Amino acid sequence: MDHDERQSLETLLPIVYQELRRLAASYLRRERQGYTLQPTALVHEAYLRLLKDKPDRWQNRAHFCAIAAHSMRQILIERARARDAQKRGGERHRVTLDEGLVAGGGRSIDLLALDQALERLAALDAEQARLVELRFFGGLTIEETAETMNISPATVKRHWTVACAWLARELEDNSHP
Amino acid sequence: MTPARWQQINELFHEALDRDRSARQDFLHHRTDGDPELLREVQTLLRSHDRTEGFLDEPAWGIAADLILESPAESLTGRLLGSYRVGAVIGRGGMGVVYAAEDLRLGRTVALKALTPEYTRDPVRRERLTREARSAAALSHPAIATVFALEEIDGELYIASELVDGQTLREELAAGALSPERLLPTLVDVAAALAAAHERGIVHRDLKPENVIRRRDGQVKVLDFGLASIAASSEAPSFTRLTEVGVALGTPGYMAPEQLGGGEVDARADVFAFGVLGWELATAEHPFGRDPGSVLARMTELMDGGSPRLSRALPVPGLDRVVRRCMRAAPAERYSSAVALLADLRSIGSGTLAEPMTSQAGRLWWWKCHQVTIAVINVFMVVALWQIRHWTTRPYGSVMFLVALMLATISVTLRLNLWFTSRVHPETLAGHRARLFPAVIAADTLLAIAWLVTAALIAGEHDEMAALLVTVGVATFASLVLIEPATTREAGIQNH
């Protein structure tokens, strides 16, 4: 990431962050089935809304997708951290505790551990880490990711496969030391 | 590991992946000759790939939806709000965060619920909430957590209520179903709280195990009366409520079908939620299944007017009947309010639960009547056959009598058995009937043939009796073909 890019990220991130959080919450509330949030739809809607306000701020859609994916990662990791901290601060009284009811079904992924593993992956291969961010946190498809990163879909697939295998191994090593 | 090394691992990983599974090992051993570390790296990666393929396929926002819904509002702990000194967070839900707080005016500790601004910004909802909180504050009952005040501080709304220290029923359920000695008294307490509210026209709207606490001294307290009203919005498409409350996202199963549909609700919605709660406390399982998906599917069926289709009966028969009545899809078929429900629950305790004349029982009446009538006719005809056994040449009369006696015994026994089942274990009737019915049909058909044969044997000398036998034989056929299926359909006895 060059200097200009970093600066634009820093100024734009809070805006995208706000917009995405707001949109996500309203999507979730409207969603009939409850769980399945379509991040792609979310990113597109956020893009259109923000574009309408200040079109000159965004270089292009790909640029926006990268920022959006990064924002989503930040939002989730911040929330996960906050929740973690609350769980540790002992709760003596209980009034109405609704946590844990919103279980997302089958598999659970430790987001914080994944975030850290992703940092380690970035040290080995920054492109792969960025790709995982776009796919997993941004919800972009293979084709959208390829477009955003300006590489071929086949390359995206190759990077994705090996990065997933590596991350899965890292997470398992962490949980069973 | 260095980026260059990772590059090397990447290349080997993909080359191995492109090969047949059987050829991979040889290939890797060959290519990593003299570098066991590299071999191990690629091998573990391949194994991880095989085992966990697709583990990140669902985007983060899908699996962590709950994280987004939580309000990012900063903690109020330690702040002074009006006359409240805010303490630790003691709970959080979709509607807001709950703190323990000290009311400095009155010197008492309260639970202070900071309502999420999203729910209180709209003036219509705000007005409604104010009204509800006012009426909830008027409720005074040992099993209701008292609402002290609705406070507006710096434009935000807070509800101060009795601080209840104990365990929620959800937490109790984590250890399994409630013991039989505990079950009924707990349900009676909850129903009594609801009844007290319903008598004053207040509906809870969000009864669930999370909202009921058992204090350390054993007293049961129902929390948050009327609060769910703020979530009921005017736009309300289907299922809005369910996610708008946020917390209910994974547990829509406590809402009555009419409530899920976004319509106006009354006390009967609480009765429905009570039914679900009762079932859950008795079995430690949600009546509509284990995962949110199946619960949602069953709720959708209920919204379309289906029946709850409960898989088994509760161990306490009286409670089973009460709980089932609570969970009916049509509000009119439930108890009209918790007052009637409470009366029935109390009579289970004293063993005098009245037989409910539900519409189901009403429809079953014709079916039961049919079973008994056919049984009586069969017995009567066998007796008649005994009387006339000498009218025919020996030994036909006695043979016919014995055949008829055998068939009638089978038919009558089975029919009375079904009738008995319908009275004692109505929930098992459908399956039971499916098993017995082929034998009943066979016995009755043969019996009808026996009447006709006997009629043929005595025709000419005893025409009146022969006519009677023919009539009964034909009637038996008709009952098997027409009346039996009609009454069965009417009674709603179907096989699942």
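Here is a quick tour of a two-chain model, from the overall make-up of each chain down to single residues. The model is predicted. Chain A comes to seven helices and zero strands, while chain B comes to 19 helices and nine strands.

- Chain A has 177 residues, and 38% of them are buried.
- Walk along chain A from the N terminus and the elements read α-α-α-α-α-α-α.
- Take the contacts in chain A with a separation of 6 or more: 70% of them come from residues 24 or more positions apart.
- Chain B has 496 residues, with 42% of them buried.
- For chain B, residues 24 or more positions apart make up 61% of the contacts with a separation of 6 or more.

**Helix H5 of chain A**

- H5(A) covers residues 126-137, which is 12 residues.
- From its first C-alpha to its last, H5(A) reaches 16 Å, close to the 16 Å expected at 1.5 Å a residue.
- How much of H5(A) is buried? The count is 10 of the 12 residues, so the helix is largely enclosed by the rest of the structure.
- The buried residues of H5(A) include A:Ala129, A:Leu131, A:Val132, A:Leu134, A:Phe136 and A:Phe137. Also among them are A:Gln128, A:Arg130, A:Glu133 and A:Arg135.
- Just past the end of H5(A) sits A:Gly139, with a positive phi of about 70°.

- Two packed helices are described by the angle between their axes and the distance between the axes.
- Helix H1(B), residues 3-18, packs with helix H3(B), residues 36-52, at an angle of about 55°, and their axes are 10 Å apart. That angle is why H1(B) and H3(B) count as oblique to each other.
- The crossing of H1(B) past H3(B) is right-handed.
- On the H1(B) side, the contact uses B:Gln8, B:Ile9, B:Leu12, B:Phe13 and B:Ala16. They meet B:Leu38, B:Glu41, B:Val42, B:Leu45 and B:Leu46 in H3(B).
- Sorted by class, this H1(B)-H3(B) contact has eight nonpolar residues, one polar and one charged.
- H3(B) also pairs with helix H2(B), residues 21-31: their axes come within 10 Å and cross at roughly 155°. H2(B) is therefore roughly antiparallel to H3(B).
- The H2(B)-H3(B) crossing is right-handed.
- Here B:Arg24, B:Leu28 and B:His29 of H2(B) touch B:Leu39, B:Val42, B:Gln43 and B:Leu46 of H3(B).
- By class, the H2(B)-H3(B) contact comes to four nonpolar, two polar and one charged residues.

- B:Ala111 lies in strand S4(B), residues 108-115. Is this residue buried or exposed? With 26 other C-beta atoms within 10 Å, B:Ala111 is buried.
- B:Ala111 and B:Ile159 are 48 residues apart along the chain, yet their C-alpha atoms are separated by 8.0 Å.
- B:Leu436 belongs to helix H18(B), residues 429-458. B:Leu436 has 16 other C-beta atoms within 10 Å, so the residue is partly exposed.
- Which residues does B:Leu436 contact, leaving aside neighbours within four places in sequence? They are B:Leu414, B:Asn417 and B:Leu418.

**Positive phi without a glycine**

- A:Asn150 has a phi near 60°, a positive value in a residue other than glycine. Look for A:Asn150 in the loop between helix H6 (142-149) and helix H7 (153-175) of chain A.
- A:Asn150 is exposed, with 7 other C-beta atoms within 10 Å.
- B:Ala284 isn't a glycine, but has a positive phi of about 65°. The residue sits in the loop between helix H12 (267-283) and helix H13 (292-303) of chain B.
- B:Ala284 has 14 C-beta neighbours inside 10 Å, so the residue counts as partly exposed.

Definitions and conventions
Residues are numbered from 1 along each chain as its sequence is written. Chains are lettered from A and ligands numbered from 1 in the order in which they are written. This is a predicted model: local features need pLDDT of at least 70, side-chain atom pairs count only at pLDDT 80 or more; totals for chains, interfaces and linings use all residues. Helices (H or I, at least four residues) and strands (E, at least two) are DSSP runs, numbered from the N terminus. The expected span of a helix is 1.5 Å times one less than its number of residues. A residue is buried if 20 or more other C-beta atoms lie within 10 Å of its own, exposed if 12 or fewer, and partly exposed in between; C-beta atoms are placed from the backbone. Axes are lines fitted to C-alpha atoms, for helices over the stretch in contact, and angles run from 0 to 180 degrees between N-to-C directions. Angles under 35 degrees count as roughly parallel, over 145 as roughly antiparallel, 65 to 115 as roughly perpendicular and the rest as oblique. A crossing is left-handed if the near helix is turned anticlockwise from the far one by less than a right angle, and right-handed if clockwise. Two residues are in contact if their C-beta atoms, placed from the backbone, lie within 7 Å. Ala, Val, Leu, Ile, Met, Phe, Trp, Tyr, Cys and Pro count as nonpolar, Asp, Glu, Lys and Arg as charged, and the others, Gly among them, as polar.
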